[in-house]
Amino acid sequence: MRPTVRLGVAAALASALAIPLTAAAPAQGRLAAKQPLVRIMASNGVSVCALLAAGTAYCWGRGGAGSLGDGSTANVDTAHQVLMDPVSPTPLTGATFLAADATEQSGPENSYCAVRGTHTVWCWGANTLHQLGNGNSASFEDIATEVKTSPGHPLHGAVSVTMNYGSACALTT
């Protein structure tokens with residue numbers, strides 16, 4: 001039953017973004033394959049985020065504590081693009097991996113993290129347990145902020161990230 005739910009969520013995203021779920025890939029020999037446009041879906045139970053094959057992330061649902069990453073705390077029923085850079089908000093681009101924290105320990109408003117092609121990690125949403133790893137003591141971030149290893153030093157070499165129980169861990173090379 002779970003694949004049907006995921007397909008339904010992916011179909012809802014595709015509809016919200018006005019994109020097909022798959023696109024024709026260049027023919028290899030005689031066979032043409034379909035390539036997925038939605039790479040990863042992550043949900044914390046009250047909101048959903050999707051990472052598109054193009055490396056952009058979109059979220060919708062309950063926006064409390066900035067969990068949609070769109071610069072607001074509003075609830076939305078259409079996909080909103082995740083933003084980054086608090087100085088000059090721009091769309092999060094180049095993402096290759098996406099994770100959600102969906103535990104009660106992180107509160108009713110949860111967090112998401114994405115790994116970018118630059119092998120850096122960017123997180124948004126609830127920060128009550130400092131799970132965003134950005135060195136900021138704010139209770140939440142409403143756009144993606146870069147994870148730091150120490151003040152002013154971004155985490156480098158990340159290939160994936162996982163979140164659980166109000167914490168996040170990155171796998172590095």
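This is a predicted model: local features need pLDDT of at least 70, side-chain atom pairs count only at pLDDT 80 or more; totals for chains, interfaces and linings use all residues.
**Stop one: the largest core**

Select V82, L92, L98 and W124. Of the 26 residues in the largest nonpolar core, these four touch the most other members. A nonpolar core here is a set of buried Ala, Val, Leu, Ile, Met, Phe, Trp, Tyr and Cys residues joined through side-chain atoms within 4.5 Å. Buried means under 20% relative accessible area, exposed over 50%, and partly exposed in between, using a 1.4 Å probe and protein chains only.

Next, colour the elements that give two or more residues to this core: β3 (38–43), β4 (47–52), β5 (57–61), β6 (76–81), β9 (95–101), β10 (111–116) and β11 (121–126). Strands are DSSP runs (E, at least two residues), numbered from the N terminus. Which element gives the most to this core? It is β4, with 5 residues.

Now centre on V82. Leaving aside its neighbours within four places in sequence, V82 is in contact (heavy atoms within 4.5 Å) with A57, Y58, C59, L68, G69, T90, P91, L92, W124 and A144.

**Stop two: a second core**

Select A99, C113, A158 and M163. They are among the 11 residues of a second, separate core.

**Stop three: the disulfides**

The structure holds 2 disulfides (pairs of cysteine sulfur atoms within 2.5 Å).

Begin with C49 and C59, which are joined S to S at 1.8 Å. Their link is right-handed, with 105° about the S-S bond. Because C49 lies in strand β4 and C59 in strand β5, this pair ties together parts that are 10 residues apart in sequence. Are these two cysteines buried or exposed? Both C49 and C59 are buried.

Move on to C113 and C123, where the S to S distance is 1.9 Å. This link is right-handed too, with 105° about the S-S bond. C113 sits in strand β10 and C123 in strand β11, so the pair ties together parts 10 residues apart in sequence. C113 and C123 are buried as well.

With the bonded cysteines of the protein chain numbered in sequence order, the pairing reads 1-2, 3-4.

**Last stop: C169**

Finish by selecting C169. It counts as partly exposed because its relative accessibility is 48%.

Note on methods:
Residues are numbered from 1 along each chain as its sequence is written. Side-chain values use heavy atoms; hydrogens and water are left out. Helices (H or I, at least four residues) and strands (E, at least two) are DSSP runs, numbered from the N terminus.
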